[in-house]
Amino acid sequence: MYSNVYFQGVQRRPVQQQQNNNYVETPIARPQYPQFKEISPAVNNAIYAYASPIIKKPYEKMSLNDNILRLKHEGKIEGIDYKIDGCAMGNLVLYINNKNGQPVKVLHYDNGDVERVNCHEIYQYNNGREVKNYGYNRNELDNITDTYYNDEIPQEQFTKEGINAYTKPEEYIEYLKRNNIKFKIEPKTFGDGRETVGIIEYDRQNREKQFTGFETNGENRVMREIYERGGSRKRIEFDENATYITEYFN
């Protein structure tokens, strides 16, 4: 799937879970209320007519106000189960959280338009840690990111060069020279003061095949983008905790 990502046959290491083998759950008898078992057709139809337009729609296809109404109807509490953040240029972001306070859906309402979602992300977790997220643009899948933690798969296994978050640009440049790989260096400084050294590599037809960026004055982080024919690309990011692999579809 990834042209120079080498982790065939490697699996996530199982995370140890503490279990209480002496715990036995005893069902609690719940009282029955026969008088509430039946609802008249008229009441049922009224409830359905009121709730179904909100309940049937996915969050990402509803306005901000309808989402808030639905969340409150579900008993969700603002600041715990969901929150709204304001950004520049009138952009608003709605975070919908799981029981651990982690976002499972993030909906973006851009440029002051609160009637429709511009883009959104869906997050998945395993043992409390994020393992995958899906990025959508106008409800079309744009990218998928898989997260592999360092205690599951060592970072050196993802590339043939053995790159990790602590690899220095000087080390990688020496590797390229030893292997007679054509490259160009592009230093860059961002507005927040971060400095990076970018290295572009070329194939035998003098086409750009991949870019590797090294942060030099911030956190230990290395990022690589792989350019595929047809304009598609993949990204591998290394930081001190995990490796992130993203595939872009647009």
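This is a predicted model: local features need pLDDT of at least 70, side-chain atom pairs count only at pLDDT 80 or more; totals for chains, interfaces and linings use all residues.
Glu-201 belongs to strand E8 (residues 195–202) and Arg-224 to strand E10 (residues 222–227), so the bridge ties together parts that are 23 residues apart in sequence. Arg-224 also counts as buried, at 1% relative accessibility. Side chains of opposite charge can pair when their charged atoms come close.

The structure as a whole holds 17 salt bridges. Among them is the pair formed by Lys-83 and Asp-85, with closest N and O atoms 4.0 Å apart. Here Lys-83 counts as partly exposed, at 38% relative accessibility, and Asp-85 is likewise partly exposed, with a relative accessible area of 29%. Salt bridges also join into a network, which links Arg-194, Glu-215, Glu-219 and Arg-221.

Glu-74 forms a salt bridge with Arg-70, their closest N and O atoms being 3.1 Å apart. The two partners fall into separate accessibility classes: Glu-74 is partly exposed, with a relative accessible area of 36%, whereas Arg-70 is buried, with a value of 12%. The cut-off for a buried residue is a relative accessible area under 20%, so the 12% of Arg-70 places this residue in the buried class.

Arg-70 is one of several buried residues in H2, which spans residues 64–73. Viewed down the axis of H2, the buried residues fall within an arc of 165 degrees, so they line one face of the helix. Just after the helix, Gly-75 takes a positive phi of about 85 degrees.

Taken together, the pairs described here can be set side by side by accessibility. In the Lys-83 and Asp-85 bridge, Lys-83 is partly exposed and so is Asp-85. The Glu-74 and Arg-70 bridge joins a partly exposed Glu-74 to a buried Arg-70.

How values were computed:
Residues are numbered from 1 along each chain as its sequence is written. Side-chain values use heavy atoms; hydrogens and water are left out. A salt bridge is a side-chain nitrogen of Lys or Arg within 4 Å of a carboxyl oxygen of Asp or Glu. Buried means under 20% relative accessible area, exposed over 50%, partly exposed in between (1.4 Å probe, protein chains only). Helices (H or I, at least four residues) and strands (E, at least two) are DSSP runs, numbered from the N terminus. The arc is that of the directions from the helix axis to the C-beta atoms.
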